[in-house]
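Thank you all for making time this morning.

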Protein chains: 2
Amino acid sequence: MNGGRTDLARTDLTRFSINQMTVKQLALPELVDACVRSGIPGVGLWREPVQSYGLDKAARLVRDAGLTVTTLCRGGFLTATDSHARVGAIDDNRAAIDEAATLGTDTLVLVSGGLPPGSRDLYGARERIAEALADLAPYAADRGVRLAIEPLHPMYAADRCVVSTLGQALDLAERFPADQVGVCVDTYHLWWDDLAPAQLVRAGEGHRLHSFQLADWVTPLPAGVLTGRGQLGDGVIDLREWRRQVEAAGYTGPIEVELFNDALWARDGREVLAETVACFLEHAGKPPPEK
Amino acid sequence: MNGGRTDLARTDLTRFSINQMTVKQLALPELVDACVRSGIPGVGLWREPVQSYGLDKAARLVRDAGLTVTTLCRGGFLTATDSHARVGAIDDNRAAIDEAATLGTDTLVLVSGGLPPGSRDLYGARERIAEALADLAPYAADRGVRLAIEPLHPMYAADRCVVSTLGQALDLAERFPADQVGVCVDTYHLWWDDLAPAQLVRAGEGHRLHSFQLADWVTPLPAGVLTGRGQLGDGVIDLREWRRQVEAAGYTGPIEVELFNDALWARDGREVLAETVACFLEHAGKPPPEK
């Protein structure tokens, strides 16, 4: 026995993926190098740093390193009412889909967008997301990319994402074929919801579980509530139980750790990456087989 | 026509109640005086300022002024696992019930409590609330007081209230008689939830709507997310539509405005009270009858 701690030597990182935002202080080549040295097989990338580095160059870098790009973050922001803004959002999402295809990932994560200025109409905003998906989903499918609607915590409903629960995300996704539109399950956003377990089952039965992300919930929340996601194990979420339920629903894909945390960003990126791997194994890793 | 603005002269404040916390800079006698001068018929009181002023003195003050005490805020915090803390919480809630009875209000608002230190068990915490209610509900009923479970926004689930939706609050309340345990509907906490309208109908059919509170949602949220509730009309919540749905569900009681807002607290309390009345009439008042 090992006192309840995970025996690192007897686990593996096959399913682990590091989201680029967790260690955004690392330039892309540093991140790729650190992953290779650590035996990390997957990375979730963000559009802006990829564009800064150069899309084709980035695609080559990760491919040559043998890394899997588990997701591209992110498309979305599809709730505008202004027709010019709507056309712009569609164009931008088509570009994101093209970038995902170039990077070789099968999943583009969508953050749906908040209420347009002056609007109080959550229902209308959700309908406009569906209208945009009707355009984007077949475009993505033609390029081998699935769209993963990410419900964000209800504290973001006004200014970032009007899709707040897994149930709402599935209501939207199910209007489209499962191989075109699914969901991204992130523990940070969904941990509080007593309806989430049943919705995980629904998502699994419908083959809609396209991405699984981990972050822990710590308080107090910082001003703006964007950069206070906790390192795995530092907060109140039963991460191992979430992994169990997501896998029981049929998910066998990568498990991405995505932390937005000012304190982690202020530290050495390679050190944070090593810590994140250790925390993943301790708090969300598979328990070692019995001796 | 009046250009869409409410005609103040043709509305009334019969249903309006000011929660003491909205203008906490006013001492209780100032608050009572301001209410009387403004034609405000109801106040929601908080235990701490009432205790500071003196319970019996406070009860006499509001009674002599002809004010209705629409709620007492608040009991709750019933999620402890430690047996000593649990006994203390029951005692404290019995005291709150006694205070409510002395003040002549029929409604004690309950904020259920967050996760105990080190716990990740939301389900267990919710069960402990039910256990405590089994003790407190009959005690309250004997004193003419109803308990109103207030679901708080999911951003408070870890450290303040594990009951995050109206559905969860009703799941708890429905284990007890409707005249003993109901719910407090606060727009600030529930506005984002697409399941809330159906739950309002459920609450109304079960005669569980014991309190209705208004606050608006504004962003960005402040650090700690406690003191950023928006003045009515400043945010994204369709307050008039919420009032319509709550009334369609059968609610005919007071409508309390409860704002926690550092900027409002820094201003003259009587001025904030007058502004709050005007905002209530404009954004949540009954539309005037057609001429």
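Predicted model: local features only at pLDDT ≥ 70, side-chain atom pairs only at ≥ 80, totals over all residues.

Let me begin with contact, because two residues are in contact here if their C-beta atoms, placed from the backbone, lie within 7 Å. With that in hand, we can look at Ala223(B), which, once its neighbours within four places in sequence are left aside, is in contact with Pro220(A), Pro222(A) and Ala223(A). As for the labels, residues are numbered from 1 along each chain as its sequence is written, while chains are lettered from A and ligands numbered from 1 in the order in which they are written.

Ala223(B) is found in the loop between β8 (216-217) and β9 (229-230) of chain B, where helices (H or I, at least four residues) and strands (E, at least two) are DSSP runs, numbered from the N terminus. A residue is called buried if 20 or more other C-beta atoms lie within 10 Å of its own, exposed if 12 or fewer, and partly exposed in between, with C-beta atoms placed from the backbone. Ala223(B) has 15 C-beta neighbours inside 10 Å and therefore counts as partly exposed.

Turning to the two chains together, 23 residues of chain B are in contact with 23 residues of chain A. The side of chain B that touches chain A has, by class, 14 nonpolar, five polar and four charged residues; here Ala, Val, Leu, Ile, Met, Phe, Trp, Tyr, Cys and Pro count as nonpolar, Asp, Glu, Lys and Arg as charged, and the others, Gly among them, as polar.

The loop between β8 and β9 of chain B also holds Pro220(B), and a cis peptide bond, with omega about 0°, joins Thr219(B) to this Pro220(B). In chain A, the loop between β8 (216-217) and β9 (229-230) contains Val225(A), a residue other than glycine whose phi is positive, near 55°. Val225(A) counts as buried because it has 22 C-beta neighbours inside 10 Å.

Where else does chain B have a cis peptide bond? The bond from Cys73(B) to Arg74(B) is cis, with omega near 5°, and Arg74(B) is found in strand β3 (residues 68-76) of chain B. In the loop between β3 and α4 of chain B we find Phe77(B), where phi is again a positive value, near 55°, in a residue other than glycine. Phe77(B) has 20 C-beta neighbours inside 10 Å, so this residue counts as buried. As background, most residues other than glycine have a negative phi, and most peptide bonds are trans.

Now to the helices of chain A, where axes are lines fitted to C-alpha atoms, for helices over the stretch in contact, and angles run from 0 to 180 degrees between N-to-C directions. Helix α4 (residues 83-103) of chain A packs with helix α5 (residues 122-142) of chain A at an angle of about 25°, their axes being 10 Å apart. The contact is made by Ala89(A), Ile90(A), Asn93(A), Arg94(A) and Ile97(A) of α4(A) together with Ala132(A), Asp135(A), Leu136(A), Tyr139(A) and Ala140(A) of α5(A). By class, this contact of α4(A) with α5(A) has seven nonpolar, one polar and two charged residues.

For a second pair, the axes of helix α1 (residues 28-38) of chain A and helix α3 (residues 55-64) of chain A come within 10 Å and cross at roughly 10°. Leu28(A), Pro29(A) and Val32(A) of α1(A) meet Ala58(A), Leu61(A) and Val62(A) of α3(A) in this contact, whose residues divide into six nonpolar, no polar and no charged.

Let me finish with His189(A), which lies in helix α7 (residues 187-190) of chain A. Is His189(A) buried or exposed? With 28 C-beta neighbours inside 10 Å, His189(A) counts as buried. Apart from its neighbours within four places in sequence, His189(A) is in contact with Pro151(A), Leu152(A) and His153(A).
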